[in-house]
Amino acid sequence: MNRTSFVAAVVLLLGQLAATANAQPSISGLSPGSIAPGTTTEVTIQGAKLDRPLQIWTSFPATVEIVPPANEEEAKKNDAIKCKITPAEGVAVGVVGIAVGNKVAASGIHMFTIDDAVAVAESGDNHAPDGAQELSLPAGVEGTIDGSTRDYFCFQAGEGQRVAVEVLASRLGSAMDPVIRLIDPNGLEVAAVDDVEGLGADCRLSHVCKAAGRYVVEVADNKFQGGLRYRLRVGDFPIVTAPFPLGIQLGGSIELAFIGEDEESTESQQLTVAADFAGHRLAVGARLPGGTSSAMTVAAVDSLTEQLESEPNNETGQATAATFPGAVSGGLQAAGDEDYYLFAGKQGQVLNFQSLTRSLGSAAYVQLKLLDADGKQLAATSVSDADELSLRYSIPADANYQLVVSDLLRRGGPNYVYRVSATLGNSFSLSLKNDKATINQFTVGMGNGAFAFPITVGRVGYDGPITISLQPAIEGAQIWNAEIAAGAKEARPIVVIPAGLEEGELRFLRVVGTATVDGQPQTVVMNSEGWLRTTLPAMLYPPAWYDGLLSVASSTPLEPFYDFKAPTEAVMFPRQVGEINWPLTLERKQKEFTGAVNVFFRGLPEGFSASLKADKEAYTVTIKGPADAPLGDLAFRMECFGDMAGKGQTLMRDVVIKVSEPLTVTVTPVDALLAGQKQKVKIQVTRLAGSEAQDVVLTWTKLPPGVSGDESITIPKDKNEIEVELSAAADAAIAVFEELTIQAKSTFAGKDVTIASAATKIEVKQP
Amino acid sequence: MMKVLTMRATILSLLMLLVATPLSAKEKGEIEVGKPERIEVFPTEFALTGVRQKIQLVVTAYYKNGISQDVTSVAKYIAASPEIAETVGSVVYPRGDGEATIKVAVGGKKVESIITVSGQGQPEPVSFQYETLVALSKQGCNAGACHGSPSGKGGFRLSLRAFDPPLDQLTLIREDYGRRANVLEPENSLLLLKPTMKSPHGGGRQLKTSDPAYDILSRWIGEGCKLDDPERSRCLKIEIYPPAGRVLEQPAHFQQLCVLAHFDDGAIRDITELAVYSSSNEEVASANVNGRVEGYDRGEVAIVVRYLEFIESTFITFVTDVEGYAWQQIPQNNYVDELVDEKLQQLKYLPSEACSDDEFIRRVYLDVIGILPTVDEVSQFAANTAGDKRALLINQLLDRPEYAKFWALKWGDLLRLTSSQVGGDGVYKYYRWLETSFRDNMPYDEFARELLASTGSTMNNPAANFYRTAGDMNDCVETVSQVFLGARLQCAKCHNHPFERWTQDNYYGMAAFFNRIQRKKTRRADELFIWVASSGEVTQPRTGLEMKPWLPEQGDVEQPDEFDRRVTFVDWLTRKDNRYFGTIEVNRMWSQLFGQGIVDPSDDFRDTNPPSNAALLTALASDFSESGFDRKHILRTMLNSRTYQASFRPNDFNETDSRCFSHFQPRMLSAEQLLDAICHVTGLPETFGPLPAGTRATQLPAPDLVKNDFLKIFGQPERQTVCACERTSESNLGMAIQFFNGPLVYNKLRDENNRFRRMLKEEKSDEEIIRELYLAAVCRHPTDKEMEASMNHIKSKEDRIMAFEDICWAIINTNEFLFQH
């Protein structure tokens, strides 16, 4: 197989344009419910608000051609759209996704299957064995269980014919817990299955028919829930648990065998994985020789070298040689089996062992132990609620060590396979925050669209900063908060898309974090598995292509849903105080918008900072700056972001700061001062707005020789000027004094301020 | 409903009559020795090795007709060497070292007992544990209602029935500044003054100076309140003479017991006067403080003997003459009947005749598949003239899917199968596992193994839900012991069981099999993963000792299964010779069919609750194990027995029998059966939430899936405990209201589509409709009188439909409908 990338569906927009409705499109199903690999299938996408023009996205490489509506009436309908989907060569059977987007928004992802069992729709009136729906094998039925009733399907089988039956429900995100029974031509139950460990709630069985005739498959929900979707597969596919080895190295080519009930007879296959394959699991189909339908399995994909268990390796002395970092694939052949791996460790190496079982379809709960070369235990996994346990160990000395793998219940058999990967050193991880409010699907309006997503940061020995980027990048997009600070455990980047997307464009993105860890660059793709588990609780292991995926649809410009009422004039900044608060009122233009608005202050002059404090809808901006900031005008920008159900909007505000003194004082003599006499002097103060007026205390700082005035003069807070007298002594120097100055003291915004007046000229004359 | 209550009251009054009529003194008579064929004395040899020892002799006379009686009290005892041993009544006391012969004579027969006496020149100090504490137990000082209560009484606390000797040491010797024991003047010790009421005592007079206990306590105090030498020999067991099985026919009604304690140094001591006696049925017989049993009425009784933590019992059957009684053998279908007849014959009851076909088909349907037969099924069965038609029907019913569902309901009660305890998904899976196990007739040992040794996902392996409901070690011990060993062990968690042989050590010893069970969540909602840790030991909270896994009658297990100790437990449990395992289950099945167990309650096996027919229980258990623990085989055996098929109508010679299965004991239908039966008669099935149409109340996986007031009122259990007692059919006002005018009955009678309305629409005749209603409800045609009464009622009513409502209402209010009979 030559699978390359999860994305890059080629979209051909051939449909006629239809009026754009103001609602999000949605997909309720496909008809047929699956598409065949390697061929073109005409599919009707059923749903609502499928207004054209549409873009169609598939999780697998494919050519998608929208079929033009046959007539005007069909063109007006928006509950179905036809398209032809041709999966790229090598796309395997398995669970895949499809989504549509238009100028309004994008739909959610609808999961379905690529399946070589022929797609059949459920008839709906098949609730009794006698009325069972006829199937020609291999068949894949897209069905819905109707609560307290059971669905029946029948097929003709020959004597000795082997038949496999499987139901996919939880693997499609359905909450159905299927129970299947196979009933022979005599009406007797010959096989039944509820859960198969490793498949979650899903189940499968195979049966060799002893007699020719009509066999009936009964499908029911464990607890008789209704309205739940399932896919029944009946055919000749093998019952296998996983490919073996269970992991494939990126850029590698490998011959895969299969492990499971039918491992002996299942055909092996050669598989190549491109070096740039995105994702950590890959769907792999498996067939019996001459078979017409495939089993669906999954293999792990990463950069590690894959090594295989070599039996016997059940005890110290028999250990299979391995190299770590790297990965081993093995199987617990029989109950009580323990697999030993011998590897050379170097002092100071920190190895991170991770078991993979359930995510690859295995029934095993693997526990890991580390032993020294003599078999003395050094470390072991702690049993937790996690399905796949991990172990981090720091190698104490250069020596040989043993990794021991066993099942928690010492079980074994074809379903008990495992992969253990070991990576080196410290690392970090990014996860879409697992929170009710989190979404992964965004609509950005043209012009001011943006979206934000919360990230939970996992750190294993690394506490430094992490830089966020998008993959693939969107031209012109900016990421606010792109740098996750050192030590931070959470982040919320905002992607602003002023340009780079066409109206009606649909993009699927991943988020990548880069950092320098242990001196080496490390790149990590954000996962969303935890969040997907919450969103789709029935699906134990969401498909790898779904993990970490964010969708962005560009829509026509959106009505603004918020604004800020802010001072339109320049903001006066009292220099000596070094801080000013000014109000900002959030105006909600749409009642549906109830969230907060993030405000970023860009381009602040050096030494200035800004912060925002919210009290309900009233915000207070606080700007701080140096006490000696130069007087005059300074400018910065407020960049705001609000989000309403995944539709983010930005708002920009340029702000001018006028740096001013909080208080000014002037001295104006009424006339010349005569020696031996008194003369009035007028003193005026100007208080800067923004603080409650306070008394101003004046003190003469420079008086002509022989001239005196009051030692302390106060201008009450309700006055701006005062006249005071200066007294010239009889022998006062007769001259023009050029430096008459006074100092004013007061408080502004609670802070003491002191201002000196400009020097004023006063003449002292002889009477 | 009033009729229901009346019938219950009648049964109750019959029972009361039975138990409240002891035999008169004349009927009991004095001991008439007559002319025995031979006599025996027990023991024939005995060693008295200390100055304070003695031996109670027991003399039995055997007669030609095969009967025997205790003649201990009337025999003459002559000590040949009184300087070595002499007798006081039937008790021999040592006097000097040597060997003495005690000659016993009665009814013209003579036997001897050889007594070897030693240690007479040496002091024999009182043992703190084996005498002092025993004396306190004998007098009831350390009983739960007295100083053995958790907080004691009057500031004086003893361990319950001396289960904690170190605590008692502290209490008796150290507490209260040592005032309880006055070493210089023992008779002035509070320990003696209070129970003799020489000093005020809230508990009244509990001790006389003539009591053996007084002597022991005063000696112990006088000797300085010494504790036992740590090297002192330990008691291993006690033995009762006569052993179980003695039958005393009137006029014989006394039996002297002799109780011996065996020590690890080989010594045997007579503890007859120190042991504590109790009777399983005081109305039949009781034992006095000296171990003399007196019978009052016919019946079997277990006399339980307690000595510290050692408990043994002996079974004695008392038989009385019944005027006019003569055994008449009626056909026996299998060994069940043979053993039931043996017991009936022994106690002089006569079995009732066989029930009618009508009664049988109704009874067997309800017991095997939980529901009533259809009218067609009743008619076909009636028309069938084959001689083995009952056996054929039993086989058919055991193969029907309803059988598996109905018996899954019964086990669902025991396994606490509720969605609140095993989760919304798990409850269906667990139920389906149960249903499948009954459908496939999974051998009971395999069934138990799948449950008790279960591991893994509760979804993939629903049996693992056993460890979800039994959510911790204590719960495991108590659940396993009650469900599979028939023992209610809760008491032993905190102290030795006050009435049974289970000790606190036993409790934690059994816990050592289950303490390593671990439970982890998984990715899948509602799923638990059950696994077994590789280490972890149990510490006995009182002693602080680490407990080894312990098995009843096996003791400590030195090398349990290294990976999962439960495997060792299950291996032991399911052994064919395990006297608990199969016995409990066959008794449970018997109880389901007969309304009461051979041991009853069916999950309360204990010495003080003996089986009503031990031989029958043993035979059934043996058959069960020999059949490979085939439950259908045992059910088939029981159902085919004449005993099961006996009429519920008593005859003149079994009216008072309620325990020996001489006739079928009517009982009220269970809540689920009643609801299904009403639905059946009216032809209007109920729907239960999301469950598929056609699901019956007797097929509900769990009681909390659907709220149904009718079921709750009629005793549907919440399944909060594993006790069979949680399901009750005790009558209450709510039941009466339901049948008078409750919404369920009312709505079904008024429903346009009910059975009689449909028939009216089909223009069936009144007679046809009445006949069908009777066939549906009570599986028989109406009698002429019933038909006449019904027709008259119809004629008297203007509204024919209302008349049928009345008739249908009347039918479902009859005892015949409400009761399994």
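Visitor: How many residues does the contact take from chain A and from chain B?

Guide: In this predicted model, the contact takes 28 residues from chain A and 26 residues from chain B. Putting the two chains together buries about 2,400 Å² between them, and carbon and sulfur atoms give 52% of that area. Three residues, Lys223(A), Phe224(A) and Leu409(A), supply 23% of what chain A buries against chain B, more than any other three residues.

Visitor: What makes the pair Lys429(B) and Asp195(A) a salt bridge?

Guide: The rule asks for a side-chain nitrogen of Lys or Arg within 4 Å of a carboxyl oxygen of Asp or Glu. In Lys429(B) and Asp195(A) the closest N and O atoms are 2.8 Å apart, and therefore the pair meets that limit. Across the interface of chain A and chain B the rule finds nine salt bridges. By class, the side of chain A that touches chain B has 13 charged residues, along with 11 nonpolar and four polar ones.

Visitor: Why is Ser457(B) called buried?

Guide: The word is used for residues under 20% relative accessible area. Ser457(B), which is found in strand S21 of chain B, has a relative accessible area of 1%, and so Ser457(B) is buried.

Visitor: How do you know that the side chains of Ser457(B) and Glu527(B) are in polar contact?

Guide: The limit for such a pair of N or O atoms is 3.5 Å, and the contact joining the side chains of Ser457(B) and Glu527(B) is 2.5 Å, so the pair qualifies. The side chain of Ser457(B) also reaches the backbone nitrogen of Met459(B), at 2.8 Å. Leaving out residues up to four places away in sequence, Ser457(B) touches several others, among them Glu197(A), Pro462(B) and Phe529(B).

Visitor: Why is helix H21 of chain B described as mostly covered?

Guide: Helix H21, which spans residues 631-640 of chain B, is described in this way because eight of its 10 residues are buried, that is, under 20% relative accessible area. Among the buried residues of H21(B) are Arg631(B), Ile634(B), Leu635(B) and Met638(B). At the start of H21(B), a side-chain oxygen of Asp630(B) reaches to within 3.0 Å of the backbone nitrogen of Lys632(B).

Visitor: Which residues have the most contacts inside the largest nonpolar core?

Guide: This core has 160 residues, and those with the most contacts inside it are Val364(B), Trp411(B), Phe484(B), Phe569(B), Trp590(B) and Phe817(B). Beyond its neighbours within four places in sequence, Trp411(B) is in contact with residues including Leu434(B), Phe484(B) and Arg631(B).

Note on methods. Residues are numbered from 1 along each chain as its sequence is written. Chains are lettered from A and ligands numbered from 1 in the order in which they are written. This is a predicted model: local features need pLDDT of at least 70, side-chain atom pairs count only at pLDDT 80 or more; totals for chains, interfaces and linings use all residues. Side-chain values use heavy atoms; hydrogens and water are left out. Contact means heavy atoms within 4.5 Å. Buried area is the accessible area (1.4 Å probe) that two parts lose on being put together, summed over both. Ala, Val, Leu, Ile, Met, Phe, Trp, Tyr, Cys and Pro count as nonpolar, Asp, Glu, Lys and Arg as charged, and the others, Gly among them, as polar. A nonpolar core is a set of buried Ala, Val, Leu, Ile, Met, Phe, Trp, Tyr and Cys residues joined through side-chain atoms within 4.5 Å. Buried means under 20% relative accessible area, exposed over 50%, partly exposed in between (1.4 Å probe, protein chains only). Helices (H or I, at least four residues) and strands (E, at least two) are DSSP runs, numbered from the N terminus. A polar contact is a pair of N or O atoms within 3.5 Å; within protein, one must be able to donate a hydrogen and the other to accept it, and residues adjacent in sequence count only if both atoms are side-chain atoms.
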